[in-house]
Amino acid sequence: MTGKIIKGIAGFYYVHDGSSRIYECRAKGIFRNRKIKPLVGDDVEFTVLNEEQSEGNIDAILPRKNQLIRPASVNVDQALVVFAITHPEPNLNLLDRFLVMMGTQDVPVIICFNKIDLCGGEQMDIYRSIYEKAGYQVVFISTYEEAGIRELRELLRGKTTVLAGPSGVGKSSLTNFLLPEAAMETGGISEKIQRGKHTTRHSQLFCVDDHTYLMDTPGFSSLYLDMPPQELKDYFCEFTPYEDECRFLGCVHVGEKVCGVKNALKEGKLSRSRYDNYLLIYEELKEKERRKY
Ligand code: GDP
Ligand code: ZN
């Protein structure tokens, strides 16, 4: 059988079969063959040892599609980053940092603004325009009014999605919403790992639909980026079409006189907030580089 590791506790791996069952597995044998440690998110081949007790053994780890450093995870298809559209106001600098961080790891991001029951349509238009122009998928939801949830479910279907965002924006409310009641009810093992008596804050995948998983990550209030400053622009995709008009190859769109990106900004074709955050992050990376040498 094949399945996915949704949690690991003290030498046990909990393997979800893709639809409704969870097996408590050991991983005897795989350490001996290859020195590879099973991780949450791994797709595995396993043998059922006792169907009644839902016990099994993992025989092999299937090849990993990717392995993210931050947040630590494997086989991630996409990230869903949640911010409140208001209460609290979204910290767009933090959002733009997150987008860069996922960009460097090649993970597509869906941006989700929650609490739209608290704002007007104009506010949604502003954020939609900024982030769709930057090439991201943007969804607006309210867990209070159940708005936008169906569309969001469609975007998650069949994929493994990392859920991220600062605290207080409604991530837990959303997770509870998406979790089918059945998943909580399936008895022994499911309860055991939900209760998490012996668990520390290890990551865990929640199955929200057939072959559809959500990984909860701790809320964050700051994000650390490290890269050569001149590479930052590559993660602001909306700049690219204007770079032809920059005088210098490798223009970083900061102090250069003839710069297509700065022109586009002046003409209102690029978002001020994205560019300002670009500048702030650029300066910070530059400062970091100075201190290194
Ligand atoms: P988390 O810290 O990101 O997991 O956020 P929570 O799910 O704990 O929610 C934080 C607060 O926002 C709670 O008081 C929720 O009741 C509230 N909240 C969550 N979703 C909504 C929403 O759609 N609209 C409004 N107005 N408040 C919400
Ligand atoms: Zn330029």
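**Ligand 1, polar contacts.** I began with serine 173: one of its polar side-chain atoms lies 2.6 Å from an oxygen atom of ligand 1. I note here that the model is predicted. On its own, ligand 1 has 580 Å² of accessible area, and the protein covers 74% of that.

I then looked up tyrosine 144. A polar atom of its side chain sits 2.7 Å from an oxygen atom of ligand 1. Lysine 171 uses its backbone instead: an N or O atom there lies 2.8 Å from an oxygen atom of the ligand.

**Ligand 1, shell.** I listed the surrounding residues and got 15. The closest are Thr143, Tyr144, Gly168, Ser172 and Ser173. I sorted the shell by type: 8 residues are polar, 4 nonpolar and 3 charged. Which helix gives the most to this shell? I find helix α5, residues 171–178, with 3 residues.

**Strands β12 and β13.** I moved on to strand β12, residues 205–209. Is β12 mostly covered or mostly open? I find 4 of its 5 residues buried, so under the 20% cut-off for relative accessible area. Its partner is β13, residues 212–216. I see the two strands pair in the antiparallel sense, over 4 bridges. Within the pair, I located phenylalanine 206 opposite leucine 214 of β13.

Last, I checked the turn. The hairpin of β12 and β13 has 2 residues between the strands. In this hairpin, I note that histidine 211 takes a positive phi, near 55°.

How values were computed. Residues numbered from 1 in each chain as written. Chains lettered and ligands numbered in written order. Predicted model: local features only at pLDDT ≥ 70, side-chain atom pairs only at ≥ 80, totals over all residues. Heavy atoms only, no water. Buried < 20%, exposed > 50% of the residue type's maximum accessible area, 1.4 Å probe, protein only. Pairing = 2+ DSSP bridges. Near = heavy atom within 4 Å. Polar contact = N/O pair within 3.5 Å; in protein donor to acceptor, adjacent residues only side chain to side chain. Areas by Shrake-Rupley, 256 points an atom, 1.4 Å probe, with all protein chains shown as cover. Nonpolar A, V, L, I, M, F, W, Y, C, P; charged D, E, K, R; others polar.
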